[in-house]
Amino acid sequence: MELSIITPAYNAENFIEAMIHSVLLQPMPIELIIVDDGSTDRTAEIVQAFAGSNPNIRLIRQENRGTGFARNRGIGAATSDWLIFLDQDDMLLPGSIGQEILDKLYQYDKNGIDIVYTAKSKTSLDLGDAVQISYPEAISQIRNHIPLNEFWTCIYRRAYLVGAGVYFAEYREMDIETAYRFKAFSRTSRIVADPEIHFYLQRVNPISGSHTWSVLKMYYVKAFVYSELVKETSRKPYFATHKDIAYLKYVVFHCLYHYFKTIKVSGYDSSLPDEQAQKMIELWKREGGFVQRR
């Protein structure tokens with residue numbers, strides 16, 4: 001098969017069947033790897049029932065480690081040349097993975113392309129709202145290596161992701177997908193925007209992690225993820241530009257400032273009862289104390 005789909009799943013019994021059916025109904029066979037991230041409901045049972053009758057569906061089970069860890073396991077397990085990431089409550093558009101897209105991928109492969117940046121559709125969880133389409137901007141318009149559409153609107157060459165070490169941050173508490181976009185788009189120039197490829201249907205789920213996260217935890221995790229990116233992109237063989245490093249540090253400082261602002265902490269207050277806040281102070285010191293007292 002030419003294409004593998006990687007889906008992390010956690011307590012997805014209410015959504016996973018629709019996602020699987022959207023894959024099975026495509027004109028071309030696709031490898032679907034579902035990584036069950038320690039679900040406590042019937043998710044694994046449902047997936048296993050599909051896998052038992054369809055050799056293209058694979059179930060990987062793990063203790064709860066978060067979506068980043070689950071997607072990284074899927075990257076390692078995939079057997080196709082090209083990968084896409086499909087969330088548990090989203091779907092493939094009907095008829096979107098056919099011979100035409102495979103022919104395009106064959107040509108992109110011949111041309112050495114690493115990432116194909118595509119369009120996406122967005123609607124409500126029950127599919128009742130009007131569909132909104134977001135087309136990819138031109139590659140020349142992408143700022144700071146972060147395209148406007150999310151990482152799952154791209155098709156990735158698996159060999160590129162593995163060879164360049166483009167993996168997800170493995171924080172169980174939160175999915176830092178913008179950091180993944182930066183990694184993917186900053187380590188290659190072989191990227192093409194193709195608005196004619198359109199396969200992803202995002203269903204807005206009001207109870208998903210992206211809608212229920214804690215603002216405080218978001219700034220906490222993002223600050224650490226981007227701080228690690230500063231160090232990672234400064235090492236060979238990536239040779240990040242000074243502009244890249246400056247942007248990443250800006251994100252770190254932005255998150256540090258808003259973290260302290262959120263918990264109403266200023267300066268080096270050593271009386272913090274919050275252990276996480278103390279870690280943030282240590283990070284603040286390490287990053288040069290850019291955040292000013294307010």
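Predicted model: local features only at pLDDT ≥ 70, side-chain atom pairs only at ≥ 80, totals over all residues.
**View 1. Helix 1 against helix 2.** Helix 1 covers residues 16-24 and helix 2 covers residues 43-53. Their axes come within 10 Å and cross at roughly 20°. That angle makes helix 1 roughly parallel to helix 2, because it falls under 35 degrees. The crossing is right-handed. From helix 1, the contact takes in Ile16, Glu17, Ile20, His21 and Leu24. Helix 2 meets them with Ile46, Val47 and Phe50. By class, this contact of helix 1 with helix 2 has six nonpolar residues, one polar and one charged.

**View 2. Helix 8 against helix 9.** Helix 8 runs over residues 215-234, helix 9 over residues 242-262. Here the axes come within 8 Å and cross at roughly 155°. The angle is over 145 degrees, so helix 8 and helix 9 are roughly antiparallel to each other. Helix 8 passes helix 9 in a left-handed crossing. Residues of helix 8 in the contact include Leu216, Tyr219, Tyr220, Ala223, Tyr226 and Val230. Among their partners in helix 9 are Ile245, Leu248, Val252, Cys255, Leu256 and Tyr259. The contact of helix 8 with helix 9 divides into 14 nonpolar, five polar and two charged residues.

**View 3. Two cysteines, Cys154 and Cys255**. Cys154 is buried, with a relative accessible area of 1%. Cys255 is also buried, at 2%. Cys255 belongs to the helix 9 side of the contact with helix 8.

How values were computed:
Residues numbered from 1 in each chain as written. Heavy atoms only, no water. Axes fitted to C-alpha atoms, helices over the stretch in contact; angles between N-to-C directions. Helix = DSSP H or I, 4+ residues; strand = E, 2+ residues; numbered from the N terminus. Parallel < 35°, antiparallel > 145°, perpendicular 65-115°, else oblique. Left-handed = near helix turned anticlockwise from the far one by under 90°. Contact = heavy atoms within 4.5 Å. Nonpolar A, V, L, I, M, F, W, Y, C, P; charged D, E, K, R; others polar. Buried < 20%, exposed > 50% of the residue type's maximum accessible area, 1.4 Å probe, protein only.
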